[in-house]
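Let's take a walk through this model, stopping at its rings and its strands. Have the view open as you read.

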Amino acid sequence: MTFMSWIDTLPLETRSAIKSAMQPRIFARGALIFNRAESPEGLFVIDQGTASFFVDSETGNRLLLRIIRPGEIIGETVALDGRPAPISVEARSDLNTRFVPAARLTRLRRTHRAIEAALAIAASGNLRRLLTALEELVLMPLPQRTLSRLRQLVRESTTAGWREDGLLLDLRQAELAEMLGVSRQAINTVLGSFQRQGLLERRFGHILCKRALLH
């Protein structure tokens, strides 16, 4: 599944200028792309593989905010304000990216004003997703916020991802637990209840979401 990024919506001249500035960057699974104490070196466009977008603590606790997939971009918010990253990003799998160095991006922003507007819109979308995640964590009981997060993940998938028996999400149960700030045992209990209700099936490394889950 490939997403259309904001770069693909830019005017042709601007899009071509950004793409000509891109350099290939490859990361092995588990590699830290950047952490919340530093600024990314630029923008990363994912071509193959996935990355984890998270906040963590000194004690090793992790809150997984998103899984970033092919076509999506890493580093928009930091590119917009120039401040250190508020989150960390690591390669969830072997990862092939195209990279726009920060200095090149700065020069492009001066000559192509459409980039500035696109960065602002992308950062706004990221903020909305973060606020939704905070609402789940603070205001919803675990079954409700689990259902809300699964529905969001299904909505972010394309219709091409649907099979006759449902939509197979590339999502491990442990990752869903990290998204919701609970133990794996707690999320297993909730998913078991949903499975008995016919809303989903647990598969190795995946969750098969049934159409009934959306209603």
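Two strands count as paired if DSSP finds at least two bridges between them, and the strands themselves are DSSP runs of E with at least two residues, numbered from the N terminus. With that in hand, look at strand 12 (residues 206-209), which runs antiparallel to strand 10 (residues 166-169) and is joined to it by three bridges. Here L168 stands opposite L208. Strand 12 also pairs with strand 11 (residues 200-203), again in the antiparallel sense, over four bridges, and E201 has L208 as its bridge partner. The hairpin of strand 11 and strand 12 has two residues between the strands, and G205 there takes a positive phi near 75°.

A quick word on the ground rules. This is a predicted model, with local features needing pLDDT of at least 70 and side-chain atom pairs pLDDT 80 or more, while totals for chains, interfaces and linings use all residues. Residues are numbered from 1 along each chain as its sequence is written, and side-chain values use heavy atoms, leaving out hydrogens and water.

Now for the rings: which residues form the aromatic cluster? They are F27, F44 and F99. Rings of Phe, Tyr and Trp (its six-membered ring) pair if their centres lie within 6.5 Å, with planes under 30 degrees apart called stacked, over 60 edge-to-face and the rest tilted. F27 and F44 are edge-to-face, at 5.8 Å and 65°. F27 lies in strand 1 (residues 23-27) and F44 in strand 3 (residues 42-48), so this pair ties together parts 17 residues apart in sequence. F44 and F99 form a tilted pair, at 4.8 Å and 35°.
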